[in-house]
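Student: I have a new structure to look at. Can you walk me through it?
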Amino acid sequence: MTTVHEPTATATTADLAVWPASTTGPRHGDLAVGGVPLAEIADRFGTPVHVLDEAEVRDRCRTYRDAFPDAEILYAAKAFLCRAMAHWVAEEGLGLDVCSAGELELAVTTGFPPERITLHGNAKSPRDLETALRLGVGRIVIDSPSEIARLAAAVGADGHQKVMVRVVPGISAGGHEKIRTGTDDQKFGLSITDGYAQHAIARVLDQPQLELTGLHCHLGSQITSVKPYLAAVRRMVGLMAQLHEQHGLVLPELDLGGGHGIAYRPGEEALDLTALARGVRAELSAACSTAGLPVPRLIIEPGRAVVGPAGVALYHVLAVKHTGSHVYVAVDGGMSDNPRPALYGVRYTPRLVGRHSTAAPARVTVVGRHCEAGDIVAADVELPGDIRPGDLLAVPVAGAYHLSMASGYNLVGRPPVAAVRDGLARLLVRRESLDDIRSRDVGL
Ligand SMILES: Cc1ncc(COP(=O)(O)O)c(C=O)c1O
């Protein structure tokens with residue numbers, strides 16, 4: 001993806017490396033995304049507010065289609081889903097990976113073709129499975145042995161459902177231990193090492209109404225190197241060869257999950273998608289040729305890399321406090337709209353927008369408004385030394401796993417989402433109001 005920015009006195013091209021490609025500096029001190037000044041968005045929708053650059057999302061979908069022309073690309077809805085997002089992804093020719101009846105039903109009721117949807121989940125509820133079968137999802141990925149009989153019974157003797165089995169290939173990769181899912185010491189998938197994967201596959205093959213189309217694995221998230229994916233291809237093809245030998249099985253699909261890493265701060269590394277596509281293609285055809293198997297159709301499931309860099313979170317500063325050697329800049333959002341710093345210690349680079357400051361930079365920690373000392377938005381960052389209440393701060397790379405992980409903590413209400421495109425902003429998701437919160441509170 002090429003990023004073309006018009007640098008200003010306060011925003012250099014390097015500073016804006018992690019911002020949406022449409023970002024410009026129309027006025028001294030302000031930034032515009034999708035042709036709309038961020039200060040204008042804050043005025044119109046209030047803060048905190050999340051801004052989503054539609055063209056950036058669509059461009060990222062196209063980049064995937066170009067890099068993986070023969071693969072099926074499923075957008076991982078857990079990164080962020082709303083009806084507009086489902087439309088954009090569908091229009092760009094991607095499928096969808098969902099992991100609950102809620103994600104599934106929202107997508108299908110807004111017109112997403114169910115046959116292009118895959119249902120995941122390490123603990124699918126009866127409602128998840130019932131909804132998947134009722135709406136006719138393309139595939140269901142089996143994640144535990146007990147699911148096989150439950151699913152077969154729900155499908156019924158005369159029914160038919162395509163399934164995959166989620167395999168743990170025993171590969172450690174990912175930006176934080178809490179988002180590594182390729183090894184045996186976590187809750188997802190069925191291990192090759194202890195034989196649970198092979199056992200589950202044999203049981204699936206005993207169920208005529210379940211059609212096993214292939215194997216799935218997801219190594220983790222925020223992976224910036226191609227190598228673990230190549231190792232995964234070798235392990236998965238190794239298992240496919242074993243299944244061929246034991247059951248005469250030739251599986252037409254291989255799903256390598258998502259996890260493609262992005263840069264959150266200037267200078268950070270992102271996974272090179274072209275190198276990933278080239279490497280996986282070569283490794284897959286070499287491994288299959290050695291095993292004497294046809295090359296299966298590749299499926300990938302990027303979430304963060306599609307929507308993360310398209311989002312910007314806007315906050316107003318409420319207080320600036322000097323304590324000991326620290327300066328705390330407190331904003332009107334925090335861990336209820338972005339739990340990632342508290343969960344994984346993630347770092348961001350916020351910017352002052354809406355006014356031009358000539359003050360020398362100061363090192364500050366941007367914190368949220370919630371009653372929790374770990375409620376941090378951006379630790380130890382540089383902001384102009386004259387930062388003060390009323391200022392507007394923008395946090396880039398806020399599109400993935402912010403609002404989808406938002407909580408009701410302190411009943412502040414979840415922020416709205418506004419889309420920007422061609423100089424226009426429109427509301428996609430409105431702010432959660434006290435009335436919304438009160439309407440669920442039905443007993444005394
Ligand atoms: C099965 C599966 N696929 C895809 C993803 C998307 O990962 P990412 O957003 O890191 O690309 C996840 C994330 O948890 C996942 O569990």
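Predicted model: local features only at pLDDT ≥ 70, side-chain atom pairs only at ≥ 80, totals over all residues.

Student: Let's start with helix packing. How do H2 and H9 cross?
Tutor: Helix H2 covers residues 54-67 and helix H9 covers residues 273-291. Their axes come within 9 Å and cross at roughly 30°. Angles under 35 degrees count as roughly parallel. H2 and H9 are therefore roughly parallel to each other. The crossing of H2 past H9 is right-handed.

Student: Which residues of H2 and H9 meet there?
Tutor: H2 brings Thr-63, Tyr-64 and Ala-67. H9 brings Leu-273, Ala-277 and Arg-281. By class, the contact of H2 with H9 has four nonpolar residues, one polar and one charged.

Student: And what about H2 and H3? At what angle do they pack?
Tutor: H2 and helix H3, residues 83-91, pack at about 35°. Their axes are 9 Å apart. The H2 and H3 crossing is right-handed. On the H2 side, the contact is made by Glu-54, Val-57, Arg-58 and Cys-61. On the H3 side, Met-85, Trp-88, Val-89 and Glu-91 take part. By class, the contact of H2 with H3 has five nonpolar, no polar and three charged residues.

Student: Staying on H2, is Asp-66 buried or exposed?
Tutor: Asp-66, which is found in helix H2, has 62% relative accessibility and so counts as exposed. The C-alpha atoms of Asp-66 and Arg-431 are separated by 36 Å, and the two residues are 365 residues apart along the chain.

Student: Back to H9. What span should H9 have?
Tutor: At 1.5 Å a residue, the 19 residues of H9 should span 27 Å. The end C-alpha atoms of H9 are 26 Å apart, which agrees.

Student: Which residues of H9 are buried?
Tutor: They are Leu-273, Leu-276, Ala-277, Gly-279, Val-280, Leu-284, Ala-287 and Cys-288. What covers these buried residues of H9 includes H2, H8, S11 and strand S12, residues 297-300.

Student: You mentioned H8. How many residues does H8 have?
Tutor: Helix H8, residues 227-247, has 21 residues. From its first C-alpha to its last, H8 reaches 30 Å, close to the 30 Å expected at 1.5 Å a residue.

Student: What's buried in H8?
Tutor: The buried residues of H8 are Pro-228, Tyr-229, Leu-230, Ala-231, Ala-232, Val-233, Met-236, Val-237, Leu-239, Met-240 and Leu-243.

Student: And what covers the buried residues of H8?
Tutor: The cover includes strand S8 (161-168), helix H7 (196-205), strand S10 (210-216), strand S11 (253-255) and H9.

Student: What follows H8?
Tutor: Gly-248 does, and its phi is positive, near 65°.

Student: New topic. Where is Leu-104 found?
Tutor: Leu-104 is in helix H4, residues 101-109. Leu-104 is buried, with a relative accessible area of 0%. Leaving out residues up to four places away in sequence, Leu-104 touches Val-98, Ile-117, Thr-131, Ala-132, Leu-135 and Val-137. The C-alpha atoms of Leu-104 and Leu-119 are separated by 7.8 Å, and these two are 15 residues apart along the chain.

Student: What about phi at Asp-380?
Tutor: Asp-380 has a positive phi of about 55°, although it is not a glycine. Asp-380 lies in strand S17, residues 376-384. At 38% relative accessibility, Asp-380 counts as partly exposed.

Student: And where is Asn-410 found?
Tutor: Asn-410 is in the loop between strand S18 (392-396) and strand S19 (417-421). Asn-410 is not a glycine either, yet has a positive phi of about 65°. Asn-410 is partly exposed, with a relative accessible area of 34%.

Key:
Residues numbered from 1 in each chain as written. Heavy atoms only, no water. Axes fitted to C-alpha atoms, helices over the stretch in contact; angles between N-to-C directions. Helix = DSSP H or I, 4+ residues; strand = E, 2+ residues; numbered from the N terminus. Parallel < 35°, antiparallel > 145°, perpendicular 65-115°, else oblique. Left-handed = near helix turned anticlockwise from the far one by under 90°. Contact = heavy atoms within 4.5 Å. Nonpolar A, V, L, I, M, F, W, Y, C, P; charged D, E, K, R; others polar. Expected span 1.5 Å × (residues − 1). Buried < 20%, exposed > 50% of the residue type's maximum accessible area, 1.4 Å probe, protein only.
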